Each structure stands twice: as C-alpha cells, then as structure tokens.
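Please read them with the model open beside you.

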Number of protein chains: 2
Amino acid sequence: MPGGTDMTLRPFLWRAERLYPDTEIVSRTAEGITRYTYREYGDRVRQLANALDDLGIEAGDRVATFCWNHHRHFEAYFATPSIGAQLHTINPLLPAEHIRYIVGNAEDRVLFVDPSLIEALEPAVQSPEFDAVERYVVMGEEPPETSLDPVVSYEEFIGDRPTEYDWPDVGEDQPAGMCYTSGTTGNPKGVEYTQKMLWAHTMATITPQGLGIASDDVVMPVVPMFHVNAWGMPFTTTAGGAKHVYPGPSPTPEDLAGLIEEEAVTITAGVPTVWLGLMDYCEEHDVDLSSLEHVIVGGSAAPKSMIRWFDDRGVEVLHAWGMTEMSPIGSISHLKADLESADYETQVDKRAKQGLMVPGLEFRVVDDDGEEVPWNGEDFGELWVRGPWVTTEYFKRPDANEEDFEDGWLKTGDVVTVDEDGYIKIVDRAKDVIKSGGEWISSVELENSVMAHDGVAEATVIGVPHEKWQERPIAFIVAAEGADEATVESEVMDMLAAEYPKWWLPDDVVFIDDVPKTATGKFSKKDLRDRYSDASMFEGQAPEEAAPDDD
Amino acid sequence: MPGGTDMTLRPFLWRAERLYPDTEIVSRTAEGITRYTYREYGDRVRQLANALDDLGIEAGDRVATFCWNHHRHFEAYFATPSIGAQLHTINPLLPAEHIRYIVGNAEDRVLFVDPSLIEALEPAVQSPEFDAVERYVVMGEEPPETSLDPVVSYEEFIGDRPTEYDWPDVGEDQPAGMCYTSGTTGNPKGVEYTQKMLWAHTMATITPQGLGIASDDVVMPVVPMFHVNAWGMPFTTTAGGAKHVYPGPSPTPEDLAGLIEEEAVTITAGVPTVWLGLMDYCEEHDVDLSSLEHVIVGGSAAPKSMIRWFDDRGVEVLHAWGMTEMSPIGSISHLKADLESADYETQVDKRAKQGLMVPGLEFRVVDDDGEEVPWNGEDFGELWVRGPWVTTEYFKRPDANEEDFEDGWLKTGDVVTVDEDGYIKIVDRAKDVIKSGGEWISSVELENSVMAHDGVAEATVIGVPHEKWQERPIAFIVAAEGADEATVESEVMDMLAAEYPKWWLPDDVVFIDDVPKTATGKFSKKDLRDRYSDASMFEGQAPEEAAPDDD
C-alpha cells in the first residue's frame, strides 16, 4: 500500500533541535528563571527517556503529571510519547475523590508532581487507586520532604543519565496523551490523544487559520499544561521552531507582565480571568506590551471590552473555542478579509463569537430532530463536530460513548448559532437550554439580561417541566442588598419583555438567598433543577400566548 | 481504539464552500476569463462527481487529465478523489511513448484533455495502452473535432447533472492522486498520493513554515497542475479559504502580468524560467506588482539575481525544493529570525539555498558508507527524507523500490550540503557526482565554473572510471565561436585551480562540437558517460597529488 511514514511527535522535536538549536525555552519556577536552548532541551528529554526506561516504563504505560507550566513539565511532553508511553496530565485543582478516580482509572505508573502541589496530592494518595503508582518524581533540584513514597527529585531522576537515546518507531495510533474532562456531574471522562491526533492538531493549529505560529514568535501559554496540553501550544511552538516561555506555578499579573516585557512575548493564551487580572495590573503600572501580537482567549467567552482594551494597545485578541475531546482547538475568531472594511463594532461583534472552524474539521448544528439549522445567526441547535483530532470515544466509558458520539460525530453539548459568515456563537449548554413548545430558549441569554439589572446580585434561569410546553423558563434571583424584590421582579420582567419574544419570558421569578454552586464555583443548574423538578409548582402560569407558534 | 476520523480532502472543500462561499476562482482559458465563487465551484464539483458516477467510475478507478491550469481541471481535483477515485495528472509535454506507457501502466478509465492539447494526445492514442480509456472529455463548451473516440465536451459531460451528491466515506489510505516522475532514463515511475498524504502535505505547507496561505491571499499557481498537483497549491488554497487564479494554457509573461495586476495576486509559484520571462516583460512595460507578496520558485535553482530583482520591488522570493515522491514540497528557504540582522548578501546566500525542511519531515545526508555528514555547508552527501507525505514505494515497480527506498527513507538522488543553520543546498545529482578516492566532487559546481569562462559556449563535467581513484572528473567543452581551444583549456584550468582543491581538478579537457541533450533539453551526462566509459582513455593522467587524502 502506498503511503508515507507514521505521524508522530518525534520529528517536531528533531526539527526544533536541529534547525533552531539556539532558540530558547524560558521557565519560571520557585527556583527562579531557568533558560536553556532546544539543544539542551533535547539532551534533557533524552535523559528523561532513559530515566523512564530504567524505571521499566514501556510502550502503552501511562505517566502522570500534577504540574504547572514549566520546562520540566515540557520535557515530559516529548519524552513520554516518544518512548511510546502516554502522558496523562492531571488537573491539580480537582477534588481529591476525582483525582483518585482518575489515577485509578488510568492506572498511572509514575507521577510527576510540583513541590507546590505536594500538599494537594498527599490527601488523595492514601487509597487503593494509587496502587499502580510506583514512583513519585518531584519537579525540582532537592529531594523533598513528603509522605509520598517512593519519591525522588526530578533532577536526581534524570541527573546522570545519558543524553543519547535511540527512539523506537512508535506507531501513529499509539496513545500519546490523555486528559480527563471535569464534568459537573458523574465521574470524569478520560480522553486519549494518539500520536496522530496530536500531529494533526499541531499542524492544523500552527496554520494562519489557527494560531499562526512562526519561528520568530515567542509563545507563552498561561493556560495550564494540565488543561488539554495547554491547548497544544508546547507542540505547535516546537513544530514551528519558536521560543517558549512558561510562567510556572500560580503566576500573578505582575509575573505575566514581567515575562511579556523581558522575553518579548508575541503570543500568549489563557482564560479571560487571567487577562482581566493583567488588564487591571497594566492600568496601574507602566507595562510595555509592544512585543505582544496576539492574545488567545478561550475557556469561556471573551468580553468585548477585553477585545477593545487590547485593540487600543495594538494587540489582537483571538477568541478560540475547543473541548477536551478535540485536542482541544476547534474554532478561532479570525476576522475574514471581507469584514476588514466593516465598521469597528461589527468587527468586535464577530470577533467576540467563538469563530471559524479551522481547516480539517467539519461541523453541523442540529435541532432535536437531527435537522441542520440555517446559518442566520439566530436559529440555534447543538454543535456536532468531527475530524482527525476529534476523539471518537472515551476511555473505558461505553455508557458515555453512546451518549456523546453518533456516526463519527462528537455531540459537543454546546448550543450555538452560526451566522451568514460561518462564525459560531455559543448560546447555551445543551443540558441547560430550555425546550419550550418545540423551540429552544437560551438560558444563558436570559440570565445575562437579568443580571444586568442593578437590583440583581446573582441570577440563573432554568427550564422546569411543563405539561403543555414541555419546559418553561423560571428565573432565580438573588436580590442585591437593600433591593426591593417586588420592584426588581417587575422591572426585570419589563426589561426582558422589551428584549425577547413573549414565549421566551420566564413564567416565574423566584427569589433565593444564593445560587447553588459546583465544586469549581460554577452555577449548579442541576441542583436547582432537582429542587424545582415538581412542575406543578408553576402549573398554569404560562400564558397561552407565550407559545412560540404564536410569535 | 481511540482516534479521530480519517484524513481526507473532503472537509477542505466543505470548509471553503461554507465559510468562504463568495471567494472567487478565476480562470483563463481559450474562451476568456471565467470567474465564479466557491459556492458555484462546489456545485460544479458535485455535477462532475455525478457525471463520473454515471460513467461507472468507482472507488479505486483512475481518472486521467491532460490539461493546463484552469477551473475545470481544478474541479477534477476535488471531484475525483472525493468519490474515492484517483486523479492521475499526465504531463502533456512528454514524448508519445512515455504517455502510452503511463496511461497503460495506470489503466486510466477516462481522460480529460484540453482543446489545445488534443493534437499532442492523438498520436499516442492509437495503441493498446489506451484500451482501458472509455471516454475522452474535452475541456470546453463545444463538442470538438477530433479522432479521439468516444468523446464529449466537459460542459456537456457535467451539464445537466444534479448539483447534489452524497459523498461516500472515503478511507484515508485510499489513493487520491497520481503522478509519474519523468526520469531521464528508463520508464517513468508512478507515485501514488493517498488521501492522507495529500491531507498531511496540505496542512504542512499551509503553515507559516511552508507557504503561509491565509484566507485573504490570492494564489496563482503557474507551475502546471500536471506537475505534482501544482505543488499542492489547489489544495492548500482551498483549505486556507483563499482566492484561486489559474493562468490557463501557455500563459505569456503579458498574461501573467495582467492576471497579477487585475486579480491582485499575492502568492504565485513556478519555475525560474517563468519568472525570467516576467522580469524581462516588467523591464519593458509598466507592470504593477504591488499586490504580490511571495513568489515561490522551485523546479530548479533560483538565481540570486532573481531574488534581488524581486526584493527591489518589495516581493519576497521563497525558494522551494521538493520531489514527485514528496507530494512534492520538502524545504523552503525562509529567512530565520536570527539572520534578519545579517548583511543583505549573507541573507541572499541563504535564501538562494533550497532552504529549511518543513515541520513533519525528517532528513539525513549520508555518504557512501551511510554515515551522516556534518552540517558545515561544505561536506556533502545524498539527501534522504521521510515523513507522512513522502511515498514509501512506486506503483508496480519493485525494482525501483529496492533502489530508491531504505528503512522508510526516500533516497532522493540529490547530493546536498547542509550549513550550520540547517539550510540545504543541492550541489549535484547522485548519479552525476564524481566519486574520487573516497570523496565526492560536485560536477555541477565544476561545470558552472567552466561555463563562466568567455571562451566556453557549453560545458559539462562527468566522472570517468579510474583504476586507482574509482572516478576522475573530465571536462567536456564546446568552445565559443572563434575561441582558441588551447588558450581556453589553459585559462579554464588556471581558473579552476584557483577555486578548488587540487584533487577536484579535471584530469582532462575534451573539446566537443555540442553537448548531447535529453528529450527535455537537459545535458545528457549519461550519453557522455557511455561514450567515454573506457577508462583507459584517460589512464595515467591523474597526478598522484590530486588525491583527496593529500589535500
């Protein structure tokens, strides 16, 4: 059969080391700033490979990390998959029971942990799920004091190993990475990344339609390396031959500003709260952002004010969307050429959406009947995606597979609109969208509107069962201190009536003391839905004319 | 097994059509300029798919084209592979016996031919190799007058077909394309491109490290679409959502200048002679090249004067190297960030080399013993490459496979140096390099030097067998009109002695009336070697001190 060689990560490392031997990897840790070149990086990667070999780690074994963004973590990114093993990055912010489940489910054989995260790990370790873990490697110079056992420091672990390693021929279908989704309900679901998936994701996101990483870029992923490989940036940056900057454990806005200035960062990436912190810091300090060209914003929606703030400073915000199941990047809000002549607010509206799907992926947006909805920026449905870096199954979870995959498509659980230009905009999660009279109502849009009222401290909108309309929206409001609930209710309802069709209006407003939250601080709509599942509570309140058919 | 969906071309077409429906495809044919959008393109691709279906073309069948660069040829680029068939692009400039061999070897079932190329095809057709061809489709509106039979015009062929087509799920290992190498000796060798190889090549060459094609680019491939898919540009341009410009049959420099001006071309690509023609035309006419950003030069070496000429006009020449076996792109001479502060001549020296290997490939440069040569810009050896878009075998040619492939590596047959920065420079072909006393001498460098002498009209240097040194160089010179051979010989030898080590100097200079040429006009060293294979002719002339060991 004709065909090329397998798609693996190894050639990316080879290319960076041979073509860009003097390009730097800069890393902030508790020990200070570490700075070395791809040449030294390659040597250390091979030392780590030898150390893993000596520990008996073999192709197919899983190697876990419990670490922030730094050079040692990055060394594990290439050493582990290149010996045929699988890098399993664990989110250290998860509750202990999730960590236990994840480590047990993955059967990790070795676990790399940051000194600052030992405390977070120790409580989880005393359980049978950790039985498979044979060695803890603490990311630092010194042998640490810890109850983890057996333990070794990273520098001891790799210290005297040879800098040569004869890489095996790893097949492209070999699992190379792994990350668990932190679902709000049920056990986390493991997503495996094969060599080929990571190759495809790297190539697709290095393009101008993706992140556009050139060899003269300086790339600082603030998004954690435990979160879907820091959106793949350690791989894309290497493939592109660019300079890496890793901001280390818990970087403050001051740390980030300092690294941008000193290392002349051109591309950085993270969630909106990181940038809000940096923006505040810049307002109060004299920070030179002139090297910065792109800020990739993902994880949750980029506020328009953020896009404008960076624009004012000559920095382009690129809004990105993806999922753990997608390695993770799906879409990026590049401005299309024919929108370059549009007025600025139109451009910001487009750029604040989740953007255009990158080359190599396909998507569809479907309603309850599986029919595709029109691309008009108004109709919405669930987003389904497929492509070479979109997984087609979860690790050991046939139950979830049945729910989330269909004919090779990943059902993302995101409810979106697509406009005439092909820009995707997330309007809700599929489990939160309110299905009323055969049409869908966005709970997110309603609650954003409600929260805009001065008398509202917090609010959420959920669908409750309804005999005739299937579901109807109910608004739950925590009144601001001193606000009069009756006044708030009537003003909010008037506001909503002016903005939305009648059938979108909540059937009731319920005042509560606080909105229940999940472990990670998100509103727990599930909790509210359980509490208010008795449809009869609100029965009869839906006006006949509120049906979508009448609108 | 975890993993994404198959890598196929279909999502590139889907993306262009859905995200960039109004972006144009512009095509120059004998009928004038045709201009339509991706939306119409998609409809016509599906009409063609239906027409191929109705003809009984099935997955695995080969569909041949004998065409220049235009929109109809481009329609075949996506329709054929997307129904699972294989697009076989034939070079119409080949001699009739090669065309017969190729069509017979590939067993093409249908053949698309340009009106202007019917005359070139007809003489080849009356032979048993064409037995499998069931239909000739002439690229135009009108039913043509021709002896080809059965024949139909393209517009009739697709005319009344539906614009809907339910694409099958084509596997990534399905052969999608095919091109024969036009070797100077022996039968042409067929190279098959699977869906996955074309996917990988498209992704790797759309990157900033490749061609860097963004959605606001306007791309005009002048390199023929029968020559390794016009270096893949119809696919990269589509994946990038950019505008296509196809210059049609035999474009003159005036045609190219006109298209660049009128369509605001930003990227164009072709062999050096094309650009020499354009440069001459621009010197004599007022041509606006201001839209142009990059000229990709490949096929043979880009002269430095060409790089400088375009630099003076704000256009960056990107020198590229590749092979039919590599889909075809391997390296591109982007200037590295740390060379941006170098002086201009140093930069031109680097950019005139064949460049830096793109991400995803690996290469090695090996001497006769299979040992890698150092990267010092001086030592040379044969270039071996491997990667996901580098073929690992020829079509039905086990003999050639044994010769050209080893352990997954393609032995390119190019002899190169690699400098400290990783830039590759081709110094010879492996079959022409002169192997003397265990070291290699570049025949190309010697003959370039010889040809620089005013008294030399043409010259070539070959290695002839030598008892002690294995081979020794002999220079063959056609003296310029009126030049004195004895004077030329002594001056040339003095010149070479000043430039090269002693052991590089030709053992003899032979004056001949003309250098034998191949069918395509290249110097036929093979012919000369056959003529002068009797080593004894030159025996004893190699001075002892000319051995490399003594240098």
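**Notes on the predicted model**

1. B:K396 counts as partly exposed, because its relative accessibility is 45% (buried means under 20% relative accessible area, exposed over 50% and partly exposed in between, with a 1.4 Å probe and protein chains only). B:K396 lies in the loop between β18 (381–386) and α14 (398–404) of chain B, where helices (H or I, at least four residues) and strands (E, at least two) are DSSP runs numbered from the N terminus. Although B:K396 is not a glycine, its phi is positive, at about 55°.

2. This is a predicted model, in which local features need pLDDT of at least 70 and side-chain atom pairs count only at pLDDT 80 or more, while totals for chains, interfaces and linings use all residues. Residues are numbered from 1 along each chain as its sequence is written, chains are lettered from A and ligands numbered from 1 in the order in which they are written, and side-chain values use heavy atoms, with hydrogens and water left out.

3. A positive phi, of about 50°, is also found at A:A230, which is not a glycine. A:A230 sits in helix α8 (residues 228–231) of chain A, and it is buried, with a relative accessible area of 0%.

4. The contact between the chains takes 60 residues from chain A and 60 residues from chain B, contact meaning heavy atoms within 4.5 Å. The area buried between chain A and chain B is about 5000 Å², and carbon and sulfur atoms give 61% of that area; buried area is the accessible area (1.4 Å probe) that two parts lose on being put together, summed over both.

5. Which residue of chain B forms a salt bridge with A:E362? The partner is B:R10, with the closest N and O atoms 3.1 Å apart, and the count between chain A and chain B is four salt bridges (a side-chain nitrogen of Lys or Arg within 4 Å of a carboxyl oxygen of Asp or Glu). On the side of chain A that touches chain B, the elements that give two or more residues include α1 (10–19), β9 (189–194) and α7 (195–206) of chain A.

6. The structure holds 40 aromatic pairs over all chains, where rings of Phe, Tyr and Trp (its six-membered ring) pair if their centres lie within 6.5 Å, and planes under 30 degrees apart count as stacked, over 60 as edge-to-face and the rest as tilted. The rings of B:W309 and B:F310 have centres 4.9 Å apart and planes at 85°, so this pair is edge-to-face; both B:W309 and B:F310 are buried. In chain A, ring pairs link A:Y36, A:Y41, A:F74, A:Y77, A:F78, A:F235 and A:Y246 into a cluster.

7. A:T89, in strand β4 (residues 86–89) of chain A, counts as buried at 2% relative accessibility. Leaving aside neighbours within four places in sequence, A:T89 is in contact with several residues, among them A:H73, A:Y77 and A:C179.

8. B:T324 belongs to the loop between β14 (316–322) and β15 (329–332) of chain B and is buried, with a relative accessible area of 12%. Apart from neighbours within four places in sequence, the contacts of B:T324 include B:C179, B:Y180 and B:V228.

9. Please also check the peptide bond from A:D149 to A:P150, which is cis, with omega near -5°. In chain B, a cis peptide bond joins B:D149 and B:P150, with omega about -5°, and B:P150 is found in the loop between β6 (135–138) and β7 (151–153) of chain B.
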